[in-house]
Every structure is written in structure tokens, then in C-alpha cells.
Amino acid sequence: MNEKKEILHPVSDAERCRFFEKIFKELQIAPVDCQYVCAVKKDEYTWLKKPISRKFHTLDCTCYQIGKYAIVWKARSNEVLFLMECEQPFEMFSLDEYDFFIRKTVADSFQIERYTWNASNHAYEKTTYDKGFVPEDFKETHRTGRKHDWSRLRPHRSPDIRSLDNSIYYDFIVKYC
């Protein structure tokens with residue numbers, strides 16, 4: 001078995017902004033913070049929002065998988081630890097604490113990547129395994145998210161008031177539409 005190891009760089013503020021703008025413009029998804037990632041749409045004269053379910057959540061991090069995009073936040077914060085865009089179909093699985101696996105579909109097989117948090121570098125270390133190889137500690141867990149309904153977005157007239165609706169409206173809709 002061959003392993004390829006790579007140390008990823010910490011997510012910069014500029015990278016985070018470009019990534020969030022791309023997700024919003026492409027999918028109409030507003031990634032506000034680790035607790036709130038919402039889809040938005042315009043309904044005649046008003047904007048509507050609908051929460052997106054997390055892929056997994058530990059005491060240390062929160063992960064959202066949105067189509068071909070993935071975001072991992074430090075738990076209970078707006079600090080982004082990991083961003084990914086992948087054209088291949090993939091699934092994410094929590095390992096423990098900050099660590100997780102990604103299983104990508106490759107041709108007629110799959111390839112598993114392990115992401116291990118390195119606190120001293122404040123970045124992930126990525127280990128890529130051979131196609132078809134399953135690491136011993138890999139567990140396939142599936143979490144079904146709750147069904148969420150659309151609700152009206154009610155931003156305050158003042159953008160300085162901090163609220164979920166203001167964050168979605170002023171930080172995403174006004175900025176990118």
C-alpha cells in the first residue's frame with residue numbers, strides 16, 4: 001500500500017471570501033458561520049431562507065457538504081479550517097475531534113483521503129491512500145439531515161444590527177446580487 005502525504009495551508013481570509021462568493025453566486029447558499037448555512041431565494045417581493053443540514057458535527061468542528069463544495073469550521077465559531085471544491089462525487093465522514101475522511105469516486109473505484117488536524121501548523125495534513133484501499137479506522141457513517149422549510153428573511157433596516165437575517169441579507173444578498 002502506498003500513501004501520499006501532503007500538508008495543506010491554513011485558509012486565508014481572501015480564500016474564504018472568494019469561496020463563499022462563488023458558493024453564493026452559483027448555488028444561492030449563504031455560509032454565515034458554523035451554525036448557519038442557508039439557501040436563499042427571491043419570492044416575488046421578499047427573500048426566503050432555508051437552513052442546510054450539517055454533514056457532521058463534533059465538539060471541535062462542524063462540517064457542511066454542499067454539492068461539490070465542503071466547508072469545515074471550528075466548532076462554535078466562524079473560523080474556517082478547511083475548504084474544498086471537487087468535481088468528482090465525494091462523501092465526508094467524521095473520524096473524531098477535528099479529523100475526517102473523504103471518499104472520492106474515481107473511475108470504477110474509490111479513493112479515500114484522511115485529513116488530520118495539526119494544531120501547531122493550524123492546518124490539515126492530507127493522506128491519500130491507493131485506489132480501493134480502506135484504512136482500518138475508516139467507518140462509513142451516514143447522518144440524515146432534518147427537513148427544513150422555507151421562511152421569510154426579515155433583515156433590519158440598519159446593517160449594524162447583528163442577526164442571522166442581517167448577516168444573510170447584507171453580507172451576501174446585497175453584496176453579491
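Colleague: Which residues do ring pairs link into a cluster?

Modeller: Phe 56, Phe 82, Tyr 98, Phe 100, Tyr 115, Trp 117 and Tyr 124 are linked into a cluster by ring pairs. Bear in mind that this is a predicted model.

Colleague: How many aromatic pairs does a search of the whole structure find?

Modeller: The search finds 19 aromatic pairs.

Colleague: What describes a pair of aromatic rings?

Modeller: Two quantities describe such a pair: the distance of the centres and the angle of the planes. Take Phe 82 and Tyr 115: their ring centres are 5.0 Å apart and their planes stand at 65°, so the pair is edge-to-face. The cut-off for that label is an angle over 60 degrees.

Colleague: Which parts does the pair of Phe 82 and Tyr 115 tie together?

Modeller: Phe 82 belongs to strand 8 (residues 80-85) and Tyr 115 to strand 11 (residues 109-118), so the pair ties together parts that are 33 residues apart in sequence.

Colleague: Are Phe 82 and Tyr 115 buried or exposed?

Modeller: Buried means under 20% relative accessible area. Phe 82 is at 5% and counts as buried; Tyr 115, with 2%, is buried. Trp 117 and Tyr 124 form an edge-to-face pair, 4.9 Å centre to centre with 70° between the planes. Trp 117 counts as buried at 15% relative accessibility, and Tyr 124 is buried at 1%.

Colleague: What sits over the ring of Trp 150?

Modeller: The charged end of Lys 41 does, at 4.5 Å from the ring centre.

Colleague: On to the helices. What span should the residues of helix 1 have, and how far apart are its end C-alpha atoms?

Modeller: The expected span is 1.5 Å times one less than the number of residues. For the 15 residues of helix 1 (residues 13-27) that gives 21 Å, and the end C-alpha atoms are 21 Å apart, which agrees. For helix 2, with 13 residues, the span should be 18 Å; its end C-alpha atoms are 17 Å apart, which agrees.

Colleague: Which residues of helix 1 are buried?

Modeller: Arg 16, Phe 19, Phe 20, Ile 23 and Phe 24 are buried in helix 1. They cover an arc of only 130° around the axis, so they are on the same side of helix 1. What these buried residues pack against is strand 2 (29-31), strand 3 (37-43), strand 7 (69-74), strand 8 and helix 2 (164-176). Just after helix 1, Gln 28 has a positive phi of about 60°.

Colleague: What covers the buried residues of helix 2?

Modeller: The cover includes helix 1, strand 2, strand 3, strand 4 (46-51) and strand 13 (151-152). The buried residues of helix 2 are Asp 165, Asn 166, Ser 167, Ile 168, Phe 172, Ile 173 and Tyr 176.

Colleague: Which side chain does a polar contact join to that of Lys 49?

Modeller: That of Asp 165, through a polar contact of 2.5 Å. Lys 49 has its place in strand 4 and is buried, with a relative accessible area of 14%. Leaving out residues up to four places away in sequence, Lys 49 touches several residues, including Trp 150, Leu 164, Asp 165 and Ile 168.

Colleague: Where is the place of Lys 25?

Modeller: Lys 25 is in helix 1, and a polar contact of 2.7 Å joins its side chain to that of Glu 21. From C-alpha to C-alpha, Lys 25 and Asn 166 are 18 Å apart in space, while in sequence they are 141 residues apart.

Methods. Residues are numbered from 1 along each chain as its sequence is written. This is a predicted model: local features need pLDDT of at least 70, side-chain atom pairs count only at pLDDT 80 or more; totals for chains, interfaces and linings use all residues. Side-chain values use heavy atoms; hydrogens and water are left out. Rings of Phe, Tyr and Trp (its six-membered ring) pair if their centres lie within 6.5 Å; planes under 30 degrees apart count as stacked, over 60 as edge-to-face and the rest as tilted. Helices (H or I, at least four residues) and strands (E, at least two) are DSSP runs, numbered from the N terminus. Buried means under 20% relative accessible area, exposed over 50%, partly exposed in between (1.4 Å probe, protein chains only). A charge sits over a ring if NZ of Lys or CZ of Arg is within 6 Å of the ring centre and within 35 degrees of the ring normal. The arc is that of the directions from the helix axis to the C-beta atoms. Contact means heavy atoms within 4.5 Å. A polar contact is a pair of N or O atoms within 3.5 Å; within protein, one must be able to donate a hydrogen and the other to accept it, and residues adjacent in sequence count only if both atoms are side-chain atoms.
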